[in-house]
Amino acid sequence: MLWRVASWLLSIPIAAGSSGLSLHQEARGVKSDVSASQHLEFASTDPLRSWIHSLKFHLPEEDATSDETTIQVHNVVCDSLSLESLQTNPAVAHDQAALRMQLFGLGVSCKGKFVTRGLIGALVGSGTLQAELVGTDNTADLTFSSALDEHSIPSEVSVEACSMSLSFDIRFGGSLTAWVISKLTTLFAPVLHIFFQRAVKQKACAVLQDIAATNLTVQL
């Protein structure tokens, strides 16, 4: 079933008693099985944490205008992904199998560059930009699904749903005065926050969809 897919996603063996984290392993002293929801917390050496941390993706360029000043954000790369815990809920209904995964305590760091132009000479220039997730309420909710053949065997995995709740802290840097940084933050941090929320979700969900369509399906 999709537990084999989930096991591959976690980069761990299915068999109980193996090294790493097993989907059949006891969690918080309560033994669970494939029909039970699980909430798992990860140590720094867990395979899922390592796999997520290795992911890296580029964001598209973005332009925004405020108070007669335009900013262009470019060369943005996001990495250092992390999470605190994971909850899984499997389900099978008729000809469909599904696995819902909820990720809690997400972290990510995005770094790039920006160029500004406009009528306010002091704000015209370039610098660096960093966006990091802040707080403890950054989450992702994913549902992997697969159609079942006449033998109730999954045939192809896809991401049926992918949603995220993200809160970014936007910081400007480079050879800028404190006044310029403060002004740029006031003008553009709110709109760039929305951009990072949208762009990170789109990229992360696209990466998961590609993994489901290729690597995960092969595991079946």
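Biologist: What should I know about the model before reading side-chain pairs?

Modeller: The model is predicted, so local features need pLDDT of at least 70 and side-chain atom pairs count only at pLDDT 80 or more, while totals for chains, interfaces and linings use all residues. Residues are numbered from 1 along each chain as its sequence is written, and side-chain values use heavy atoms, with hydrogens and water left out.

Biologist: How many salt bridges does the structure hold?

Modeller: Side chains of opposite charge can pair when their charged atoms come close. A salt bridge here is a side-chain nitrogen of Lys or Arg within 4 Å of a carboxyl oxygen of Asp or Glu. The structure holds three.

Biologist: Which residue pairs with Glu-62, and what does the pair tie together?

Modeller: Glu-62 meets Arg-198, at 3.6 Å from N to O. Glu-62 lies in strand β3 (residues 62–66) and Arg-198 in helix α3 (residues 178–218), so the pair ties together parts 136 residues apart in sequence. Helices (H or I, at least four residues) and strands (E, at least two) are DSSP runs, numbered from the N terminus.

Biologist: What does Arg-100 pair with?

Modeller: Arg-100 forms a salt bridge with Asp-141, with the closest N and O atoms 2.5 Å apart. This pair links strand β6 (residues 96–104) to strand β9 (residues 139–148), and its residues are 41 apart.

Biologist: Is Arg-171 buried or exposed?

Modeller: Buried means under 20% relative accessible area, exposed over 50%, and partly exposed in between (1.4 Å probe, protein chains only). Arg-171 is exposed at 52%. Its salt-bridge partner is Asp-169, at 2.7 Å from N to O, and Asp-169 is partly exposed at 26%.
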